[in-house]
Amino acid sequence: MKFAFYPGCVSRGGCPELYPSAVAVAQKVGLDLQELTGASCTGAGVLQESNLFLGDCLNARTFAMAERLGLPILTICSTCQGVMAQARYRLQDEGYRQKVNAVLADEGLVYKGTVEVKHLLWVLVEDIGLEKIRSMVVRPLTGLRVAPFYGCYIVRPSKVLGYDEHAERLQALERLIEALGGEPVDFPGKTRCCGFPILTINERNSVAMVAKHTWDAKERGADAMVTPCPLCHLNLDGYQVKAMGYLKDRIDLPILHLPQLVGLALGIDPKTLRLGRHLIAVAPVLDKLGKVAVKA
Amino acid sequence: MRITIKVRRFNPEAPKPQPYWQDYTLEVTKTSTVLDALIRIREEVDESLALRCSCRSAICGSCAMRINGHASLACKTKVSAVVDAHNTLTVEPMGNLPVIKDLVVDMTPHWHKVRAVEPWLQPVGPEPQGEYLAPNEAMLHLAGVMNCIMCGACVSDCTVLEVDSNFLGPAALAKAYRFVADPRDGMTKERLAKYNAYGGIWDCTRCYECVQVCPKGVAPMDRIMAMRERAIGMGLKDTYGARHTLAFEELVEHSGRLDELRLPLKTFGYTNIPKLVGLLPIALRALPKQKAPSPFHKPIPEVKSFQTTFRKARQAAETERQAPTSQAHHG
Ligand code: SF4
Ligand code: SF4
Ligand code: FES
């Protein structure tokens, strides 16, 4: 299965552990990735706040590159997934697409409106299939209680993200955790906001969201939380210490990137998965699975 | 069809008022709405169940409640569309508003916020002889926001209101946009300056909950984003929110990729010592783990031709911005 690979900025920036673990998992499950090296940032919904049209042009440029390769796009970031899906949705309007294509013409690019954008989570569940994944598990996550944190951009707006045709996406993380041998932990905040988008604007509210979600998951017995979004990871892992300060209580909930959790079960070396790089130590998860502690 | 409705109840007159769940099992037809079912319970099973409704046809906005955890209009939701494999569904009062009794919430805090955005036309200059005229196109664009029935579903599910009751919230801000984008209003900049403050347009997390649950396609978040864009366009750039998005734009223009190290520095300003000191603890925790962006930020290949496209797009956006209907929405 071949995809045009769009890793996004954060998987090589603030979460440098994500890119290598995603590539390792893709290799393991037999995905052939052709990286879109010339593609730019999606704008992350931030650039769109000051200039929506500019954001749509940047994404149409990426879509045109993938179209030229004749490949669907694979992302490993929910925010990229959501922002690209929204741009793709607006660009279904032919008149609007023409305006955008006029901008792209100088680079010899044109977007015809046919691209497909899929997060690794959906590719694992829909294209590879849970049966196949189950058969590949060598270190089942037996006894590990994992709270799925979807965040916003891979869930809403559901119409734009294709949930009408793929109702199973609502449970994708839970089903995947089960296929890996783990136990999903339900908690109220799983499709709520992690708070990251307002971190620089209203830190108090942002960290209050981290506190709420990690606390709720922990209280329901989670050993770890998994997220398909590196921005959620930045907040839930990076600001959990501050959240503990707010609550005046310990949480210490390890936050795993999606491919790290999958990689663990598929037998990928924890070092390749960069499990030692988190602010909240992942060691208790490995201990629970009967593994020795690892270093970065 | 035999169904079970799990209702989250609350009786303020109980000796020790506590919310509790109560199950009702009843027979409904295929076309029954959740409201039909609740009314039958009240009329035939348990007259103590409190709920609010009027039009029963998604017009008055009084029957919003949480169905299976998400806010929607009970009269617009078919039972058959929301029951699970065991023919069960849950019904709760709306979130983020005080519960008066059972499914009835107190909308007062919300009405205060609607009032706070000054939801009335404020023209400047001498009154016209006849009517205030507005271009058809502008009014068609506004029709999308005027569809709001003030049901409060978006308020119920807003992620920011969950942690901060000071936030104006999606419905009041969508109402604010209705006047910001009205060509007859003369106070656009003053309004935007006001909505720029704490609790206003920059406090929204862009979580899309309000877009998802709104039964009328108002897309409050898209309106909030349109106000951010407009505020910046009018030169109101002195907020961390505006500085953040402008810094983001500049950094992407420079290298095609986001430079995460420079983004907070640029947003807060290199001389904003208190804010920068605030970043230190997290930086000190992250660095030893190598959980940080590289200080040697690499641009994308052929960044020059990317920049040409980028600047051309920004130029085109300037022209695009003039048309009031240019904001594409999710509908
Ligand atoms: S998008 Fe903004 S206004 Fe809408 S629900 Fe989320 S935080 Fe609230
Ligand atoms: S914006 Fe939509 S959800 Fe919010 S009050 Fe208006 S109609 Fe209801
Ligand atoms: S009863 Fe009027 S909107 Fe439902």
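Does Y163(A) count as buried or exposed?

A: Y163(A) counts as buried, at 8% relative accessibility. Buried means under 20% relative accessible area, exposed means over 50%, and partly exposed lies in between, using a 1.4 Å probe and protein chains only.

This is a predicted model, in which local features need pLDDT of at least 70 and side-chain atom pairs count only at pLDDT 80 or more, while totals for chains, interfaces and linings use all residues. Residues are numbered from 1 along each chain as its sequence is written, chains are lettered from A and ligands numbered from 1 in the order in which they are written, and side-chain values use heavy atoms, with hydrogens and water left out.

Now the ring partners. The whole structure holds eight aromatic pairs over all chains. Rings of Phe, Tyr and Trp (its six-membered ring) pair if their centres lie within 6.5 Å; planes under 30 degrees apart are stacked, over 60 edge-to-face, and the rest tilted. One of these pairs joins W122(A) and Y163(A): the ring centres are 6.2 Å apart and the planes meet at 80°, so the pair is edge-to-face. The pair links distant parts of the chain, 41 residues apart. W122(A) sits in helix α6 (residues 120–136) of chain A, and Y163(A) in the loop between β5 and α7 (172–179) of chain A. Helices (H or I, at least four residues) and strands (E, at least two) are DSSP runs, numbered from the N terminus. W122(A) is buried too, at 1% relative accessibility.

Another aromatic pair is formed by Y153(A) and Y208(B). Their centres are 5.5 Å apart with 70° between the planes, which is edge-to-face. Y153(A) lies in the loop between β5 and α7 of chain A, Y208(B) in the loop between α7 (188–195) and α8 of chain B, so the pair joins two chains. Y153(A) and Y208(B) are both buried.

W122(A) has a charged neighbour as well. R169(A) lies over the face of W122(A), 3.7 Å from the ring centre. A charge sits over a ring if NZ of Lys or CZ of Arg is within 6 Å of the ring centre and within 35 degrees of the ring normal. In chain B, R178(B) lies over the face of F179(B), 4.5 Å from the ring centre.

Back to the loop between β5 and α7 of chain A. P157(A) is found there. The peptide bond from R156(A) to P157(A) is cis, with omega near -10°. Most residues other than glycine have a negative phi, and most peptide bonds are trans. R274(A) is not a glycine, yet its phi is positive, about 55°. R274(A) lies in the loop between α11 (258–265) and α12 (283–288) of chain A and is partly exposed, with a relative accessible area of 27%. D102(B), also not a glycine, has a positive phi near 45°. D102(B) is found in the loop between β6 (99–101) and β7 (104–105) of chain B and is buried, with a relative accessible area of 1%.

Next, a helix of chain A. Helix α8 (residues 203–219) has 17 residues and spans 24 Å from first C-alpha to last, close to the expected 24 Å. That expected span is 1.5 Å times one less than the number of residues. Its buried residues include V207(A), M209(A), V210(A) and H213(A). Their cover includes β5 (145–148) and β7 (224–227) of chain A. α8(A) is followed by G221(A), whose phi is positive, near 95°.

K288(A) belongs to helix α12 of chain A and is partly exposed, at 43% relative accessibility. Contact means heavy atoms within 4.5 Å. Leaving out residues up to four places away in sequence, K288(A) touches G143(A), L144(A) and D223(A).

Last, the ligands. A residue is near a molecule if one of its heavy atoms lies within 4 Å of it. Of the 14 residues around ligand 1, those that come nearest are C158(B), C204(B), T205(B), C207(B) and C210(B). The shell around ligand 2 has 11 nonpolar residues, one polar and no charged. Ala, Val, Leu, Ile, Met, Phe, Trp, Tyr, Cys and Pro count as nonpolar, Asp, Glu, Lys and Arg as charged, and the others, Gly among them, as polar. Among the residues around ligand 2 are C148(B), C151(B), C154(B) and C214(B).
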